[in-house]
Structures are given as structure tokens and as C-alpha cells.
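This report goes through the contacts, helices and strands of the structure shown below.

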2 protein chains.
Amino acid sequence: MAYKMPCAGGIAERLSDIVHDESAWTEFIRSGRAKKVSLAEHENVYFEGDRADRIYEVADGAVMLYKLLPDGRRQVVEILSGGGLFGLQAGELHDCSAETLVASTLHAADRRDVEAANELQSHITRCLLEQLQILHDHTVLLGRKNAFERVATFLMRFVPLRGGAGCLGPGPDADDRVILLAMTRQEIADYLGLTIETVSRIFSEMRRRNLVAVERHDRMRICDVCGICRLTGTH
Amino acid sequence: MAYKMPCAGGIAERLSDIVHDESAWTEFIRSGRAKKVSLAEHENVYFEGDRADRIYEVADGAVMLYKLLPDGRRQVVEILSGGGLFGLQAGELHDCSAETLVASTLHAADRRDVEAANELQSHITRCLLEQLQILHDHTVLLGRKNAFERVATFLMRFVPLRGGAGCLGPGPDADDRVILLAMTRQEIADYLGLTIETVSRIFSEMRRRNLVAVERHDRMRICDVCGICRLTGTH
């Protein structure tokens, strides 16, 4: 299942003017120094505290990184889709757990091989900087946005080219878009720092206002992209 | 004023077993390719949306990165102290504003010089990975911790070697520690996703319970480190 990353899509497009040479990374993957790993939906890749001996790239699918508090509260801290790197650590242990959201294919490489390959470092730096920028935005969402704004911001991340700098607004046709959430209500809640009840209540309220239509539990139609965008708190 | 970074301290110590060669970076700074810039307390370094032509290192002092929503709500997204790098971007523009918290000295280097110096990349990667790890922890704080846990977590970040993996607990003497906040109540609130009233109320409640004593507006005595640690939600 092709999954559009909810966060990085918009940023990738905003950065599209920057030339980024990925050839060294592509060559590294092709050279056989990275193994292909196929995982089912909701399969664990590693747990927080495991030794960080391998570095992963999402070839296809989507992966969430999450952290648990001792009493079971969970926070999803990152969502990665095609091209996203994860598992890199400054220390020796993973600081998060990683789990697939949907059936996914990963490239898994030995950490020492990646660290020893100088030609990969600019690709890695760029990926880390994109992740930092997404985390800065997410920190604003968690620290300063209300529940309605959080859900609206989450939905807008599935609509690249809209809502950010240079948004052209709606075209001449209906301003709708079908999006594939590929996350359960609980996962969305754990990503947005909300309860599942709040997420469901806000989706219901958005339906009542004809802003969205739920076509399937993981498939939603945004009926009015501008309408959702105006609710993000960033408009 | 020497300022102990509230976040990176603990992490730096947890990572102390990892050898990290900073010599290339030190040599780059010494070579004169980075200029020394002295700034007063609460002086702006750059604004969100400015061109990201320079990369900075905190030589001495502390800097906050923040983002504003159009209605004026502010979220402090990172706090950097000695050795912290900031201003690196994947794109061409700064995604945050940067402002000193206290009088600070920065090393400022041309972005192209840094990007062209292959020998600096492992230092940069390591700094970015440490920042990502801090942001993961901060995401948990903002997304899942209550106000009391947030303030307690913030205070514990000033007490390195305690509270994390391998904490030895209190010694034979009084379990207190004097810490220099170097942030206003408003800045703390904007970092922790709280209102200034909530931060003040929680400090008052902690005083009432003899967990802390406020010695000066920016100087606090933690009277019972274990007591504060048990309130972090991570204990």
C-alpha cells in the first residue's frame, strides 16, 4: 500500500528548490550493504533500549517511532514513510521503539558500515535536518494548539502544496481530496497528544460541518481543503 | 554567566561512553573560518523566514529557538547551551527564530564553508542526533505529561547524573541542589506548553511541599531531588 507521509510531504515540496544528491545513498543500497526486510502491518522493528546496531530506511510503507511512560501512556514521536531514515542514534541504545503502521519494506544496514561511509553523510545530515524541522512544527502543535487545530493540522499534512508558503488556494473545481490515514484513531491520538475520544469527537464535528466525510475507517474525504486549513491555527 | 543546558546535560552524560572526535570542529573554529559574535541577553540572532546563510555554535551562554503562531502564541522548541549547534537547515530559510536567553558568545560560520568541509560532518551528525533525542523526550513531555510532571521534568534536566538510567540515588548528605534557571517564567511556560499562571502555581505548590525554595527569580534550590524526580512521570 502506498502511504503518503503525513508530515514530510509538505516539507519535501517546500524544499524542492534545493538540489539534493542522493546518488551515494542509492549506490550504497544497490551495493548490497543494506538488506531488504519485509514486515507486516504493526510489526515491531526494535524496542526502546535495544542496541542501536542497525540503521533503517523506509523503502515502502510507513513506520512510527514511539515512547512509553512507565504507566503505559504512549507518545508517537515520528512518522516515517518512503525515504525516511530511522534508527540512527548518538548513543548505543535506541531512544524510541519502532513499529510499522502498514505492511512495509525496509532497507536495513549495519551502523558501522553507514558511519564509515563518508559519502553518505550529506544525505544523512539532510534527512536529520528535515526530521528536526518536522519535530519543531510538531512541538508547536503539541505545546500550543488546541485539539481542533491539532486534528486539522494533521489532515493538512496529507495535502501537500496546500496550506504552506506559496499555497495557490483552491482551483476552479471542487476543493476536495481523498486521503489515506493508514493510522488507527488511537495512533492518531497518540501522535497528536489527545485521547481517542477527543479525536473521534473532532472527526464527528468535522463531518457535521461537512468539512470531511469518512469513506472507510482509514480513508477520509476532505470536502473543503481551505475550510480545514483555516482551522489549523497557522492560517 | 555559565549556564547548564537544561536538556542536553543528562543526555551528554548518558552518552559519555561513546567516543566522539570533535577535533575537526575545534580546528575549524580555530582556523578563523568562524567569527566570534557577542550578544546581550534577549538579543535576536535571526528570525523565522530569514535566509539560512550562517550556522552557529553556542560558545558560551544559552539560546532559545522558538516559533510563533499568527495570533502570537509562542512555542520555545529548543534550548541550546555550550557546544550546541543551530541555524542548520535542510532548506534555504530558517524554520525558527533564535534569541539569546542570557549574554552569550556564538561562533558564526558561513553555511557554504561548513557544508563543504567533509571532516565536520560526523560532528554535525552527532549534534543533530542529540537534538533529535531531546526533541523526542520533549514531545513526550508536551504530548503526554501533566503540568506538574512537565515542571518536575524541566527541573530534573538541571540535575545531571540523577533520574536517568544508572541514577545512584541520594548520597549520605542532604539531597539538595541549587540550579540557575536563566529563563523567565514566561519562557519556561512557552517551553513546557503551559501558561505563565500554571508555571507559577506549580512552583508555589512545590514550595509549599518543601520540594523547592526560590532563592532569586532565576535561582532555585531543589530541596529534595528524589522528591522532584518522583513527580516527573518517568520515574
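## Helix contacts in chain B

Two residues are in contact if their C-beta atoms, placed from the backbone, lie within 7 Å. The model is predicted, and contacts of this kind link two helices of chain B: B:A147, B:F148 and B:V151 in α5(B) meet B:T198, B:V199 and B:I202 in α7(B). By class, this contact has 5 nonpolar residues, 1 polar residue and no charged residues.

Helix α5(B) covers residues 147–156 and helix α7(B) covers residues 196–208. Their axes come within 10 Å and cross at roughly 75 degrees. Angles of 65 to 115 degrees count as roughly perpendicular, and α5(B) and α7(B) are therefore roughly perpendicular to each other.

## Helix contacts in chain A

In chain A, α5(A) and α7(A) pack at an angle of about 75 degrees, with their axes 10 Å apart. These two helices are therefore roughly perpendicular to each other. From α5(A), the residues A:A147, A:F148 and A:V151 meet A:T198, A:V199 and A:I202 of α7(A). The residues of this contact divide into 5 nonpolar, 1 polar and no charged.

Is helix α6(A), residues 185–192, enclosed by the rest of the structure or left open? Of its 8 residues, 6 are buried, so α6(A) is largely enclosed by the rest of the structure. The buried residues in α6(A) are A:E187, A:I188, A:A189, A:D190, A:Y191 and A:L192. They pack against β4, β5, α5 and α7 of chain A. Just after α6(A), A:G193 takes a positive phi of about 65 degrees.

## Domains of chain A

The domain assignment of chain A gives domain 1 (8–142) and domain 2 (145–229). The C-alpha centres of these two domains lie 25 Å apart. Their contact takes 16 residues from domain 1 of chain A and 14 residues from domain 2 of chain A.

On the side of domain 1 that touches domain 2, the elements that give two or more residues are α1 (8–14), β4, β5 and α4 of chain A. By class, that side of domain 1 has 10 nonpolar, 3 polar and 3 charged residues.

## The contact between the chains

How many residues of chain A are in contact with chain B? The contact has 39 residues of chain A and 40 residues of chain B. On the chain A side, the elements that give two or more residues are β5 (74–81) and α4 (121–144). Helix α4(A) gives the most to this side, with 19 residues. The residues on the side of chain A that touches chain B divide into 15 nonpolar, 16 polar and 8 charged.

## An open sheet in chain A

Chain A has an open sheet of 4 strands in the order β1-β8-β3-β6, with antiparallel pairing. Strands β1 (34–39) and β6 (85–86) of chain A stand at the edges, each with a single partner strand, so one side of each is left without a neighbour in the sheet.

Within this sheet, β3(A), residues 54–60, and β8(A), residues 104–110, pair in the antiparallel sense over 6 bridges. A:D60 stands opposite A:T105 in β8(A).

## Strands of chain B

Strand β4(B), residues 62–68, is mostly covered, with 6 of its 7 residues buried. Which strands pair with β4(B)? β4(B) and β5(B), residues 74–81, run antiparallel and are joined by 7 bridges. A further 4 bridges join β4(B) to β7(B), residues 97–100, again in the antiparallel sense. B:M64 has bridge partners in both: B:I79 in β5(B) and B:E99 in β7(B). The hairpin of β4(B) and β5(B) has 5 residues between the strands, and in this hairpin B:G72 takes a positive phi near 100 degrees.

In a regular strand the side chains alternate between the two faces of the sheet. β11(B) pairs in the antiparallel sense with β9(B), residues 177–180, over 4 bridges, and B:R177 stands opposite B:I222. β11(B) also pairs with β10(B), residues 212–216, in the antiparallel sense over 4 bridges. In that pairing B:A213 stands opposite B:R221, and a hairpin joins β10(B) to β11(B) through 2 residues.

Methods:
Residues numbered from 1 in each chain as written. Chains lettered and ligands numbered in written order. Predicted model: local features only at pLDDT ≥ 70, side-chain atom pairs only at ≥ 80, totals over all residues. Nonpolar A, V, L, I, M, F, W, Y, C, P; charged D, E, K, R; others polar. Axes fitted to C-alpha atoms, helices over the stretch in contact; angles between N-to-C directions. Parallel < 35°, antiparallel > 145°, perpendicular 65-115°, else oblique. Buried ≥ 20, exposed ≤ 12 C-beta atoms within 10 Å, placed from the backbone. Domains from an automatic or database assignment. Pairing = 2+ DSSP bridges.
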